[in-house]
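Hi,

Here is the structure I promised to pass on. Have a look at it first, and then read my notes below.

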2 protein chains.
Amino acid sequence: MPFSEFPPNYKIAVVGSGAVGCYYGGKLAHHGMNVHFLMRSDLETVKKNGLQIRSPDGDFHLREVNAFASTEEIGPCDLVLISLKTTANKALEKLIPPLLKENTALLTLQNGFGNEDFLAERFGTERVMGGLCFVCLNRVGHGVIEHYGHGALSIGEFGRSPQPRTRQIVEEFHQSGIITQLAENLVTERWRKLVWNVPFNGLSIAAGKITTDKILADEGLCTLTRNLMAEVIDAANREGHPIPHDFIEEQVSRTYKMNDYKPSSLIDYMAGHEVEVESIWGEPYRRGLRAGAEVGRLEALYFLLKKLTSRESAA
Amino acid sequence: MPFSEFPPNYKIAVVGSGAVGCYYGGKLAHHGMNVHFLMRSDLETVKKNGLQIRSPDGDFHLREVNAFASTEEIGPCDLVLISLKTTANKALEKLIPPLLKENTALLTLQNGFGNEDFLAERFGTERVMGGLCFVCLNRVGHGVIEHYGHGALSIGEFGRSPQPRTRQIVEEFHQSGIITQLAENLVTERWRKLVWNVPFNGLSIAAGKITTDKILADEGLCTLTRNLMAEVIDAANREGHPIPHDFIEEQVSRTYKMNDYKPSSLIDYMAGHEVEVESIWGEPYRRGLRAGAEVGRLEALYFLLKKLTSRESAA
């Protein structure tokens, strides 16, 4: 029965060994799972010094890391964790094929919308799973990841309800010390996550490189945050993903406790890295438009961010 | 008959001798009208060297300028041109009274909404007139104004149709070399001007300090510009000011001819001056909301600009 469960000691590849890939892959490897990392700039350092994770949950140091310079060297796997920046998705067309065998599952841990669709179109719908990361990380040096807090994962299947393999992964990830839960409907979960990401990641850049506490301290931006959330929820609801409107106050309250939090997009922007504008704002905007939702605020934010983060503006 | 016409050689005061006040006041004085300027930082230089206007229409130099340090020194006038930044309106409460006599008319040349209302509440509705300036100016030194182009004025009455005094001013300003026309309905004209100012002044700041040609060259910002214009037009229409939707394409085409134009708000922002956020975005947004218009894009732009231009952000 294809795609049912993974075999014992199944082989895992991590494609995109930035903060997310190293953190989750590192946790699994630390627990003794069979993890192979594709690395670029960190390869030599990690081969020599291993991988260091600094975390309020306890630091750890993986001395022996299976790090490779190409997916050809890694070869066919049972599970591929994809944690590339979504702006680099095009590269997956060449990176993924050497990792595939009959039942290889592709689990994208990337942000926002469009990634599962991208993988499904190219490598087959049944391979594709998605995970939402609720974590704050930063890669602070070659092979050194700083974990600031949170860390939960929510894993589901693309276009269908959870399968035996999904439950298996959730269980095993959980045993590796990652708080993991099953996403009954991945698209609903992505919409729920975007309810927070759309306003906070977006306004943190567009309102002048500010942390979440500064957004909440500004009356106008607070109103705009709530109204952006309402637009995202309306779009989700029209697409058939029920999110209640009181989710807005829940998200706002939660954010007050995060103090001077820097959303990942702000970190990317300030570091001069590409910002994932299409997956976080572009796709939800287009889906909202198609569903007939009023998405004027999202439109304004999307087009402003697209311009502000373009290579030309950044230069 | 009060407020009917101004007497021969009537006395004019200019309050707010920045670029707009010096340019229009200077044109009137150059034509021989009886103009008195309230000046602050430029006072000594202008008393010594006069006022210089550099313009593609021909430079001119006013050697003798009636410049004063207070409105008490100027004393009662027949007509007061108000060209302070709208962010400084509060100061008018003290500046205006010494200029008033029974029939003194107050003509605000300030931007956007809220200025006529402010004057009417404090000094009486019948005194108040408004003028829209279609001009590109910059004060480049003490008593030195650079005129880049355009220059038309549109003058009307607050809350009523044109009066004999309105027609008189339009005629006399026209004779002074200012292309002046009568605004049948001042509020309609202000809405029409905002159709341009809302997107172009706003996006020039919010999209990363860019000129109008850069806005037009960006597909997303172009869409956003048109949709912001549509929101402003809907708000105006709901308030009973008919502006046809084909005004949008007219305004966009006109802007293509302006090349790398810097909207006045961008000039203010880049110079570290206060930006007139409330009169250009805040008031139209609130009026739109009250009229039941969809103004989501305007809301996003308004709250972003409010934060971006706040003293705290500028610092």
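One term before anything else: contact means heavy atoms within 4.5 Å. With that in hand, 100% of the interface residues of chain B are also interface residues in chain A, so the copies meet through the same surface.

Some housekeeping. This is a predicted model, in which local features need pLDDT of at least 70 and side-chain atom pairs count only at pLDDT 80 or more, while totals for chains, interfaces and linings use all residues. Residues are numbered from 1 along each chain as its sequence is written, chains are lettered from A and ligands numbered from 1 in the order in which they are written, and side-chain values use heavy atoms, with hydrogens and water left out.

How the two chains are related

Two copies of a chain are related by a rotation about an axis and a shift along it.

Domains of chain A

Chain A is divided into domain 1 (11-184) and domain 2 (188-314); the bounds come from an automatic or database domain assignment. Taken over C-alpha atoms, the centres of these two domains of chain A are 25 Å apart. Across the boundary, 22 residues of domain 1 of chain A are in contact with 18 residues of domain 2 of chain A.

Helices here are DSSP runs (H or I, at least four residues), numbered from the N terminus. Axes are lines fitted to C-alpha atoms over the stretch in contact, with angles running from 0 to 180 degrees between N-to-C directions.

In chain A, the axes of H7 (residues 186-206) and H13 (residues 296-308) come within 10 Å and cross at roughly 45 degrees. That makes H7(A) oblique to H13(A) (under 35 degrees counts as roughly parallel, over 145 as roughly antiparallel, 65 to 115 as roughly perpendicular, and the rest as oblique). On the H7(A) side the contact is made by A:Val198, A:Gly202, A:Leu203, A:Ile205 and A:Ala206, and on the H13(A) side by A:Leu298, A:Leu301, A:Leu305 and A:Leu308.

H7(A) also has its axis within 10 Å of that of H12(A) (residues 277-290), crossing at roughly 120 degrees. These two helices, H7(A) and H12(A), are therefore oblique to each other. Among the residues making this contact are A:Trp191 and A:Asn197 of H7(A) and A:Trp281 and A:Arg287 of H12(A).

And in chain B? The axes of H7(B) (residues 186-206) and H12(B) (residues 277-290) come within 10 Å and cross at roughly 120 degrees. That makes H7(B) oblique to H12(B). The residues in contact include B:Trp191 and B:Asn197 of H7(B), with B:Trp281 and B:Arg287 of H12(B).

Cheers
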